[in-house]
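Subject: Structure handover

Hello,

Here is the structure we spoke about, followed by notes on what was found in it. Please keep the sequence and the 3D view open while you read.

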Amino acid sequence: MNVSRKIILFSTVFLAVLLIGGGYLLKEAYNNYEVVNKGQLLDHTSGYIYQIRFFDKFDIYLEPENRPNSDLVTFCFLLGSGFIGMVFFFILGTGQAAARPRVLWLYLITFFGMNYLAFDEFLGIHESIGHNMPFLTALPFVKRPDDAIVMFYLIPCAIFALLFYTEFLSCTKSILAGVLAFGLIFLAAVSDVLTLPLEEPLEVLAGACIFCSFLFLGQHHLNELYAEKPSLRFG
């Protein structure tokens, strides 16, 4: 076994142990905590402090400036996907030999599209648009105007998929992650229609799958370019 494979194996085992052990500890802590007090509890700060007791023994003080929520996590995944588009656009577009223009267009559109979707998720752009277009509720299966806006988003997404489907099909891991993402988005939409409490966690998982899909695709195109020209230097 060469050194790189040993490093990958060690990293995988370490990550698995970290995730399993960390998940167990978080689960136990979540099931054994109590908010003892809250307010301006400490003399050295005027911040709003939470005094939390774990396992009826240990007290810690927390000052959460921002409360995490699923929309914020989804925003991070989508923003990360846009960042991947920017990085691979510049990496594959510079150096001794640039990638095919088709590939560069894919990542450039990814950068702008994913950033828009990220800030739409964070700022609620489609909700704001929908509030000013109440007539959209006249469309079939539309209860809220913003639902129709999301449906319209499918049009540019479909065009993007049709334009670059050959690139995604060239990378099995990318297409699997992409298909899983669309499946999760569909389930999130069904959950929203049926008013089930699954929409937000499904959106988070879909965002993670989109992120992985573009990451796998970028890795594939980079390896492809190196295979064609092993002596290639970037920059």
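Contact means that heavy atoms lie within 4.5 Å. By that rule, and not counting residues up to four places away in sequence, Tyr 107 touches Gly 85, Met 86, Phe 88, Phe 89, Leu 92, Leu 217, Gly 218 and His 221.

Some notes on the source. This is a predicted model, in which local features need pLDDT of at least 70 and side-chain atom pairs count only at pLDDT 80 or more, while totals for chains, interfaces and linings use all residues. Residues are numbered from 1 along each chain as its sequence is written, and side-chain values use heavy atoms, with hydrogens and water left out.

The cores

A nonpolar core is a set of buried Ala, Val, Leu, Ile, Met, Phe, Trp, Tyr and Cys residues joined through side-chain atoms within 4.5 Å. Buried means under 20% relative accessible area, exposed means over 50%, and partly exposed is in between (1.4 Å probe, protein chains only). Helices (H or I, at least four residues) and strands (E, at least two) are DSSP runs, numbered from the N terminus.

The largest nonpolar core has 25 residues, and Leu 92, Leu 106, Tyr 107, Phe 168 and Phe 214 touch the most other members. Two or more residues of this core come from each of α2 (70-93), α3 (101-123), α5 (145-169), α6 (172-193) and α7 (199-228). The largest share, seven residues, is given by α7. Another core, of five residues, lies apart from this one and includes Val 142, Ala 148, Ile 149 and Tyr 153.

The sheet

Two strands pair if DSSP finds at least two bridges between them. Three strands form an open sheet in the order β1-β2-β3, with antiparallel pairing. Which are the edge strands? They are β1 and β3, each of which pairs on one side only.

Six bridges join β1 to β2, and Glu 34 has Arg 53 in β2 as its bridge partner. Five bridges join β2 (residues 49-54) to β3 (residues 58-62), where Ile 60 stands opposite Ile 52. Strands β2 and β3 form a hairpin with three residues between them, and Phe 55 in the turn has a positive phi of about 55°.

Asn 37 lies in β1 (residues 33-39). Leaving aside neighbours within four places in sequence, Asn 37 is in contact with Ile 49, Tyr 50 and Gln 51. Asn 37 is partly exposed, with a relative accessible area of 36%.

Regards
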